[in-house]
Amino acid sequence: MKKHPKVVIIGLDAATWTLIRPWIAEGGMPNLANLMKMGVSGALQSVLPPLTPPAWTSFMTGKNPGKHGVFHFVETEREGYMMNYANGASRRSPTVWKLLNDAGFSVGTMNIPFTYPPEALNGFQISGLDTPTPKSPFVYPPSLKRELVDHFGKINHDVRFLGFMSTDRRRTQVLDEMEKIDRQWAAVALYLLEHHPQDVLMFVFMSIDTVQHYFWQYTDHTHFLYDPKAEPRFGNAVRQVYERLDAVTGRIIEKLAANTTVFVVSDHGGGPVVDRTLFLNRYLHQIGLLHYRRSADSDRLPKLGLGRIPSNILRGVFSLLRTSLTSRQKTFLAEVFPAIRKRAEFAYTSFQNIDWIRTKAFCSEVLASPPSIWINLKGVKRRGIVEPSEYGALTDFIIEKLGELKDPRTGKPIIARVYRREQIFHGPFSDEAADLVLDWWSEDSLFSTLPSFKKDRKKPPVMIRDHRPSEDSEWGGTHRIHGILIGRGSMLKTDAEIENAKLVDIAPTLLYLLGVPVPEDMDGKVLTSIFRSDFVAAHPFQAADASGVSETHRTSGYTDEESAKVEERLRALGYLE
Ligand SMILES: [Zn+2]
């Protein structure tokens with residue numbers, strides 16, 4: 001007899017109520033509107049900072065990043081200053097998928113970010129955006145990959161990277177690619193439902209995140225990059241993606257039995273990039289905490305483990321990268337190294353010029369986000385100079401000084417909140433996070449960052465961007481803390497709004513719904529308010545022992561051959577001359 005899924009979860013990366021609600025009010029997004037009427041809905045608070053890799057990993061584990069070890073697209077070397085790409089192997093906690101398997105439920109997941117390499121689930125797993133190439137073994141079991149390729153051809157995760165979008169023609173091309181990818185994933189999802197149904201199924205679609213990053217500025221008249229001339233062509237780009245995925249959601253739901261519980265979730269929200277840009281390392285320099293190398297010192301560089309020429313630097317930056325770059329990572333790189341597009345300098349040189357043995361605090365400016373601050377702590381960092389006894393006073397000082405950064409037009413502080421690592425992360429891996437996390441995702445604390453170069457060290461740390469369309473391709477949208485949650489099912493309330501739901505609550509809620517005890521070390525809580533009271537009364541909560549940590553196969557080392565390959569790719573992409 002054919003299996004009927006008990007639960008189907010549709011993931012819409014970065015979907016946000018601030019867009020969906022007004023469109024529904026106008027009669028758009030009919031499938032999501034209908035689900036809301038038949039079920040429960042509300043905001044879903046992401047993890048801090050609200051980034052795709054830690055967010056979906058917290059969703060899958062029910063734990064804060066301190067317990068699963070995924071904080072970003074990249075990991076910072078603990079003792080040094082270098083970075084390398086993270087992927088699903090960076091996750092060090094069991095997933096809810098595994099717990100459901102252990103409890104006897106089969107599970108299939110499609111395109112969830114940070115699930116590469118795929119888990120050997122009872123069911124299947126098709127990895128998401130951390131999949132290196134279509135040739136990589138990103139499907140478990142491997143026979144399913146052959147079957148899918150037979151039916152659908154090459155399975156594509158990639159859209160063209162941001163730096164590609166230099167003309168309207170190319171922007172249109174990227175929108176077409178996004179649509180093609182959505183159509184392929186939608187067809188795969190419907191095929192899996194028909195031919196490989198599991199007790200629990202999850203399908204993720206990424207294009208809302210992409211279109212918001214690339215096209216938000218065209219939809220928003222108040223955006224500093226708004227281009228009235230491009231409005232006819234791209235003014236509807238974001239909405240078209242939402243409506244398309246609303247239709248896909250409808251087609252998936254049509255296939256389900258009436259008693260299947262359905263959730264629609266996003267890992268974080270979205271919103272415009274604002275015109276305030278900070279140069280944080282420049283500011284740290286100006287308050288005496290960061291020093292640049294004197295030019296005569298440049299010979300010392302190799303001893304510090306940072307190469308002098310770009311290729312050596314890149315070998316360092318990507319030193320631990322085992323997998324090749326995905327296009328999402330290329331997109332990310334284009335953001336990280338914006339100046340490369342002008343073939344001038346690139347962000348990493350700003351890092352290269354830091355004199356570590358005279359620097360107490362630095363920002364991971366090389367990362368577009370989050371603009372977090374690291375303390376150059378003695379005994380931890382190779383060139384650390386901050387005594388552990390000085391740590392508290394130093395971080396107090398930085399927090400106070402960050403509060404003094406004001407928008408010159410309003411006189412209001414730019415950064416409304418700075419979190420100490422221990423305020424937002426707890427667990428065995430929390431010391432892998434940055435020391436201070438600056439809020440860039442709240443409406444009262446919006447800004448972006450750019451790399452600080454030594455030659456500009458005396459310029460103001462705050463720049464207000466010109467209000468005109470940019471000739472470069474750049475992000476017009478970024479993330480916000482609140483994603484969406486919609487749920488429909490026979491044990492759920494109908495037409496009800498829910499409050500205070502968090503992304504980490506989904507995993508324990510899923511376990512509860514299926515009668516599986518919830519591990520005590522999950523940080524999320526069962527969302528009892530979404531269930532009908534008679535269901536809650538008849539189904540007491542059951543706790544289970546901690547699910548603990550799982551030491552997966554960590555990536556380590558990077559051969560010369562591999563770094564040569566990465567360099568070759570970067571050169572092809574225009575990152576290197
Ligand atoms: Zn995301």
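Helices (H or I, at least four residues) and strands (E, at least two) are taken here as DSSP runs, numbered from the N terminus. With that in hand, P117 sits in the loop between β5 (107–112) and β6 (123–127), and the peptide bond joining Y116 to P117 is cis, with omega about -5°. This is a predicted model, in which local features need pLDDT of at least 70 and side-chain atom pairs count only at pLDDT 80 or more, while totals for chains, interfaces and linings use all residues. Residues are numbered from 1 along each chain as its sequence is written, and side-chain values use heavy atoms, with hydrogens and water left out.

- As background, most residues other than glycine have a negative phi, and most peptide bonds are trans.
- Another cis bond runs from L48 to P49, with omega near -20°; P49 lies in the loop between β2 (40–45) and α3.
- A14 isn't a glycine, yet its phi is positive, near 75°; look for A14 in the loop between β1 (7–12) and α1 (17–25).
- A14 is also buried (under 20% relative accessible area; exposed is over 50%, partly exposed in between; 1.4 Å probe, protein chains only), with a value of 0%.
- N111, in strand β5, has a positive phi too, about 65°, and is buried at 2% relative accessible area.

- T52 and H268 are both buried.

**Nonpolar cores**

- A nonpolar core here is a set of buried Ala, Val, Leu, Ile, Met, Phe, Trp, Tyr and Cys residues joined through side-chain atoms within 4.5 Å.
- The largest one has 62 residues, and I126, F203, F205, F215 and I252 touch the most other members.
- Helix α7 (residues 168–195) is its top contributor, giving 12 residues.
- Leaving aside residues up to four places away in sequence, F215 is in contact (heavy atoms within 4.5 Å) with M165, R171, L175, M178, F234, A237 and V238.
- Apart from that core lies another, of 50 residues, including I112, F114, V204 and L503.
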